[in-house]
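Here's a quick briefing to read with the model open beside you. Have a look at the structure first, then work through the notes.

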Amino acid sequence: MSKKYDVPYKMYLEEKEIPKKWYNVRSDMKVKQAPLLNPGTLQPMGAADLSPVFCEELVAQELDDATAYYDIPDEIHDFYKIYRPSPLMHAEYLEKALDTPAHIFYKFEGNNTSGSHKLNSALAQAYYAKKQGLKGVTTETGAGQWGTALSMACAFFGLDCKVYMVKVSYEQKPFRREVMRTYGAEVTPSPSDTTNIGREILKAHPGTTGSLGCAISEAVEVAVTNEGYRYVLGSVLNQVLLHQSVIGLETKAACDKYGIKPDMIIGCAGGGSNLGGLIAPFMGEKLRGEADYDIIAVEPASCPSFTRGKYVYDFCDTGMVTPLAKMYTLGHDFIPSANHAGGLRFHGMSPVLSQLYHDGYMRAVSVEQTEVFKAAELFARTEGILPAPESSHAIRTAIDEALKCKETGEEKTIVFGLTGTGYFDMVAYEQFNNGTMNDYIPTDEDLAKGFASIPKRSDGSYIE
């Protein structure tokens, strides 16, 4: 086996090398992502339209597709120092187990109390809410990583935090729920009877296990009907990808420092926060023609927005209270199977990543749940980290690509994102170990039901 890289198992940057700026990949996009539309007028939404829902400075970041770099405020940077820089790891034990000539590296974002990369943006959004003088924020959470991170950030900045958690995760992941409550958050299973939209959803879908679209609707309703509150989102939006670019910037800096040249960059994809953050500087090089990378988005076969969705305008929520976003979508009424263990349950995808995928700058694959957990098991046994189910989608594809190298003899360098740990996801691991985990892949008929909810023009055509 080749010894192309003589590097440490754990590769760290120094504290002084933590990025001081976030990188806005939109500044280098030749074709910009489509704007958010007012659902009533179908006109692009500006700051005045978005400010009642989002914090003012976050609105400015959301709408800015020209500024390449944003200074990270000192208060946020100081908190980053508690858990950043995160390590770039050489998966040499996984390589040996696979007997592959491929070189595998992963950026590990699970070394903070929230257990995932979500804290990078939660800190930023809580900071801007506090700076604006708000009382608190509302949000949704799927598997709970985002809600956990936001509850931590709100506790640090002294903000009230109201979290609507997808019901199936609320029931399956009680310990993550209790971490949120420990940090002072109010956690409600969604859909609930505490909001008008929640009651409507429950009436239309009795016994539903919920979805991120449902939870978003409830969180937005609470934000706009309570003075001193704003809504914050853990994925999908441009501002979130901006904050998460700290992952990719550190990864790129570590690769440069240790002489690692990736051929392939892999990330799991639900709404796009981790993937967008990991690939940001590498995609920037690709857009500018300075380098080329094979960038792969990995999504669950049970919620395949990239690989089987439509690239059209759709609501980001089930209750249809959010702006319309042009993205790859399964329809805002699509509710993934309850047996899907990971948090990659959003019906759509980041407009920025959707545009990049549509323009051919990256590719996407979908993987089945049991295969994901087989990869998680092998990774845990070789690398000593119990990965989150979401991260394990990226692990699955990294392993698959490394095995292809074994067949062809190619010595490719693979970098993937390990978004967090799976210690609060033991119900899913229990199902896998007991052999009761199922693979559910929606049929074309199942998807058609979701597609039917996508808004159309008066002539019956999609809004594109």
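What follows covers the sheet, the pocket, the cores and the salt bridges.

This is a predicted model, where local features need pLDDT of at least 70, side-chain atom pairs count only at pLDDT 80 or more, and totals for chains, interfaces and linings use all residues. Residues are numbered from 1 along each chain as its sequence is written, and side-chain values use heavy atoms, with hydrogens and water left out.

**Sheet**
- Seven strands make an open sheet with mixed pairing, in the order 1-4-5-15-10-11-14. (Strands are DSSP runs of E, at least two residues, and helices are runs of H or I, at least four, both numbered from the N terminus; two strands pair if DSSP finds at least two bridges between them.)
- Strand 1 (10–11) and strand 14 (363–367) sit at the edges with a single partner strand each, so one side of each has no neighbour in the sheet.
- Strand 10 (residues 264–268) runs parallel to strand 15 (residues 413–418), paired over 3 bridges, and I265 stands opposite V415 in strand 15.

**Pocket**
- The lining of the largest pocket has 19 residues, with V53, F54, V321, T322 and P323 nearest its centre. (On a 1 Å grid over the protein atoms alone, a pocket is an open set of points where a 1.4 Å probe fits, with protein on both sides within 12 Å along at least five of seven lines; lining residues have an atom within 4 Å of a point.)
- Helix 1 (47–50) and helix 10 (212–225) each supply at least two residues of that lining.

**Nonpolar cores**
- In the largest nonpolar core, with 63 residues, W22, F306 and M362 touch the most other members. (A core is a set of buried Ala, Val, Leu, Ile, Met, Phe, Trp, Tyr and Cys residues joined through side-chain atoms within 4.5 Å; buried means under 20% relative accessible area, exposed over 50%, partly exposed in between, with a 1.4 Å probe and protein chains only.)
- Helix 5 (residues 119–131) gives the most to this core, 8 residues.
- A second, separate core of 33 residues includes A102, F373, A398 and A428.

**Salt bridges**
- The whole structure holds 27 salt bridges. (Each is a side-chain nitrogen of Lys or Arg within 4 Å of a carboxyl oxygen of Asp or Glu.)
- D71 pairs with K21, their closest N and O atoms 2.3 Å apart. D71 is in strand 3 (residues 69–71) and K21 in strand 2 (residues 21–23), so this pair ties together parts 50 residues apart in sequence.
- D71 is exposed at 52% relative accessible area, while K21 is partly exposed at 38%.
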